[in-house]
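This report describes the fold, overall dimensions, surface and a few individual residues of the model shown below.

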Amino acid sequence: MSLESVVQVILERGAAEASQIVDAARTERERILAEVRAEEAKALAETEASARAEADRKRVQSLARAELESRKIVLAAQKEALDKVYAGALARLGDLPENTELLRRLLEANRDEWRSGGKVYSNPRDEPVVRKLVSSAFEGTIDCAGGIVIESGDGTRRVDLRYDSILRDVWDDAVKEVAQTLWPSKA
């Protein structure tokens, strides 16, 4: 074989090997790119899923916050309405047409407390009526919507029969029922 033919064979083999190496490199490059694209797609999907979950969590939190705030507003409005009802009831108690008869009955029912040296107090508006009913046992006036306070002669006991106190006791027992009447639950 001549030198030229040997060089030709070596060149052809070199070209074939180079072609195989280039083909193998291209194949490897495509495999690596496919892996990177798959990882990228997976990372993108995970990021999207995470972002959606975070958005859903924030939406739920925002809804819960808004619902809580609306409940607070409703409860504040309901409390304000109940306070107005209470104040209106207290104001009406002091202006009852049968106030004189109520005072007489309260004093009669607690006669033993004030007749044995006790002291009786009333609001300034009811003073003439109470003074007439208990005479010397009347001790003075107090700030209240109506009713009386009787103090024992030795000052150790007080019987609080003010309309304010009576209404507060009744109110404490009935406020839940009043609220249920005004705002029935949807249950």
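The secondary structure of the protein consists of 5 helices and 4 strands, where helices (H or I, at least four residues) and strands (E, at least two) are DSSP runs numbered from the N terminus. In sequence order the pattern reads α-α-α-β-α-β-β-β-α. This is a predicted model, in which local features need pLDDT of at least 70, side-chain atom pairs count only at pLDDT 80 or more, and totals for chains, interfaces and linings use all residues. Residues are numbered from 1 along each chain as its sequence is written, and side-chain values use heavy atoms, with hydrogens and water left out.

The radius of gyration of the protein is 47 Å, whereas a compact globule of 187 residues would have one near 16 Å. That radius is taken over C-alpha atoms, and the globule rule is 2.2 Å times the number of residues to the power 0.38. The C-alpha trace spans about 155 × 35 × 25 Å along its principal axes.

Of the 187 residues, 20% count as buried; buried means under 20% relative accessible area, exposed over 50%, and partly exposed in between (1.4 Å probe, protein chains only). The accessible surface comes to about 13900 Å², and carbon and sulfur atoms hold 57% of that surface. These areas come from the Shrake-Rupley method with a 1.4 Å probe, and for residues only the protein chains shown count as cover.

Among contacts (heavy atoms within 4.5 Å) between residues at least 6 apart in sequence, 48% join residues at least 24 apart.

| Residue | Relative accessibility | Class |
|---|---|---|
| Ser165 | 6% | buried |
| Ala34 | 41% | partly exposed |
| Ser135 | 46% | partly exposed |

Ser165 lies in helix α5 (residues 163-182). Its side chain makes a polar contact with the side chain of Arg162 at 2.9 Å. A polar contact is a pair of N or O atoms within 3.5 Å; within protein, one must be able to donate a hydrogen and the other to accept it, and residues adjacent in sequence count only if both atoms are side-chain atoms.

Ala34 belongs to helix α1 (residues 3-94). Ser135 sits in the loop between α4 (127-134) and β2 (138-141). Although Ser135 is not a glycine, its phi is positive, at about 45°.
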